[in-house]
Structures are given as C-alpha cells and as structure tokens.
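Student: I have a protein model to study, and I want to understand the words used for it. Please walk me through them.

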Amino acid sequence: MRRLLLAAVAAVLLSGCAPAGPVQSQAGSAALMRGFGVSVDEAVAPRVPQVHLRVCGPWGCRELDVPLPASGTMSALPCPSTGDPAAVCGAVRQPGPAPGYGYAPIPELTLEPVTVDVSTPPGAPMAVAASVTVRPRGACADAGPSCADPTPQAEIHISADGSVRQTR
C-alpha cells in the first residue's frame with residue numbers, strides 16, 4: 001500500500017514532464033503547460049538554488065528566473081485514526097539532501113528546437129553558464145485515441161559538474 005502511494009505521489013510530481021513521444025494522461029486531468037522542467041543534481045542542489053534561463057526560438061526570446069528548491073524524498077503518512085498500522089492517509093516530504101526541481105513556463109514554446117542559455121545569478125555559490133539546443137516534445141492531456149494537439153514540453157538537467165543537457 002505504501003509503495004502504491006509513493007508511486008502515485010511520484011506520478012503527480014512528475015506529471016509536468018513529457019517522455020520521448022506524445023503521451024496521454026487520463027481524461028479530466030488538468031491542462032498541460034508549455035515549458036521546461038529544470039532539475040539539478042542532489043550533490044549541488046544547495047549551491048544552485050535558482051537559475052536564469054534565456055530561451056530563444058522561432059517566436060523570439062523569453063527570459064525568466066527559475067527557483068530550484070530541493071525536493072526531498074516522499075514518505076507515507078500513517079493514518080492513526082484507523083488503528084491499522086498499514087493504513088496510509090497521505091504523504092510527507094522528508095527533510096534532507098535532495099535534487100532541486102523547478103518549472104519554467106514558456107507560453108510561446110512550440111515543437112521546434114530552441115536554444116536555452118542557463119546561468120546562475122551573480123554571487124551564487126556555484127557558477128553555471130551553459131547553452132544547449134533543446135527539442136521540445138509533445139505531451140497530451142486528453143485520453144483520446146490520438147493526440148491532435150500536443151503541448152510542447154521539455155526537461156533540462158544541471159549536472160554536478162555544471163553541464164546542462166536535455167533529459168526529455
């Protein structure tokens with residue numbers, strides 16, 4: 001039961017990320033946002049609390065700051081009111097070292113490749129300055145048999161050495 005809860009929580013947390021091709025979620029789900037998931041390795045997450053993105057595509061350029069709060073592991077929250085030690089009533093984020101995650105909404109994003117310049121603010125504990133070409137992928141919010149209008153999304157990852165790469 002706890003593993004099922006943890007898997008469900010992980011699915012909810014990662015629902016803004018799109019895999020390699022068009023994907024479909026269950027009917028009635030929230031609309032997907034155009035943009036980028038941004039993650040940073042656990043080893044350097046405390047030293048990269050925020051990044052600045054400059055995203056340029058055929059529609060022009062957009063700049064924004066993206067906070068990357070550390071996102072600790074999830075644990076099942078017991079349900080004392082039932083008396084059943086295996087009953088789970090929720091989830092709680094545990095403190096401790098963890099990777100950092102953030103989301104950069106880019107309403108203009110299309111499925112065309114874009115250039116993403118990633119940098120940390122002046123005085124950040126760790127300097128990151130990288131440029132990467134990213135090809136967004138389509139994600140679908142409807143559960144129909146086809147994906148007529150995929151939402152462009154991508155994910156980039158900042159490694160412990162400061163390099164940046166597309167992960168989805």
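**Strands, burial and contacts**

Student: How are the residues numbered, and where does the model come from?

Tutor: Numbers start from 1 along each chain as its sequence is written, and the model is predicted, with local features needing pLDDT of at least 70. Side-chain atom pairs count only at pLDDT 80 or more, while totals for chains, interfaces and linings use all residues, and side-chain values use heavy atoms, leaving out hydrogens and water.

Student: What does pLDDT say about this chain?

Tutor: pLDDT is the predictor's confidence in each residue, from 0 to 100. The chain averages 79, and 76% of the residues score at least 70. Over residues 1-29, though, the pLDDT is below 50; this stretch has 53 contacts in the model beyond near neighbours in sequence. Where pLDDT is low, the predicted coordinates should not be read in detail.

Student: In what order do the four strands of the open sheet lie?

Tutor: The order is β3-β2-β7-β8, with antiparallel pairing.

Student: Why do β3 (60-67) and β8 (129-134) count as edges?

Tutor: Each has a single partner strand, so one side of each is left without a neighbour in the sheet. From one strand to the next, the twist averages 20 degrees; axes are lines fitted to C-alpha atoms (for helices, over the stretch in contact), and angles between N-to-C directions run from 0 to 180 degrees.

Student: Which strands have bridges to β1?

Tutor: Six bridges join β1 to β6 (residues 100-105), running antiparallel, and six join β1 to β10 (residues 151-158), running parallel. Valine 38 takes part in both: its bridge partner in β6 is glycine 102, and isoleucine 156 stands opposite valine 38 in β10.

Student: How do you know whether serine 39 is buried or exposed?

Tutor: Buried means under 20% relative accessible area, exposed means over 50%, and partly exposed lies in between (1.4 Å probe, protein chains only). Serine 39 has 5%, so serine 39 is buried. Serine 39 sits in strand β1, where six of the six residues are buried.

Student: What makes the link between serine 39 and histidine 157 a polar contact?

Tutor: A polar contact is a pair of N or O atoms within 3.5 Å; within protein, one must be able to donate a hydrogen and the other to accept it, and residues adjacent in sequence count only if both atoms are side-chain atoms. The two side chains are joined at 2.7 Å, so the distance falls inside that limit. Histidine 157 lies in strand β10 and is buried at 11%.

Student: What else does histidine 157 touch?

Tutor: Contact means heavy atoms within 4.5 Å. Not counting residues up to four places away in sequence, the list for histidine 157 includes Val40, Asp41 and Ser163.

Student: Is aspartate 41 buried or partly exposed?

Tutor: Its relative accessible area is 25%, so by the cut-offs above aspartate 41 is partly exposed. Aspartate 41 is in the loop between β1 and β2 (50-57).

Student: Why is leucine 64 called buried?

Tutor: Leucine 64 has 15% relative accessibility, which puts leucine 64 on the buried side of the cut-off. This residue lies in strand β3, and its C-alpha atom is 5.5 Å from that of leucine 53, eleven residues apart along the chain.

Student: How much of the whole chain is buried?

Tutor: Buried residues make up 32% of the 168 residues.

Methods: Pairing = 2+ DSSP bridges. Helix = DSSP H or I, 4+ residues; strand = E, 2+ residues; numbered from the N terminus.
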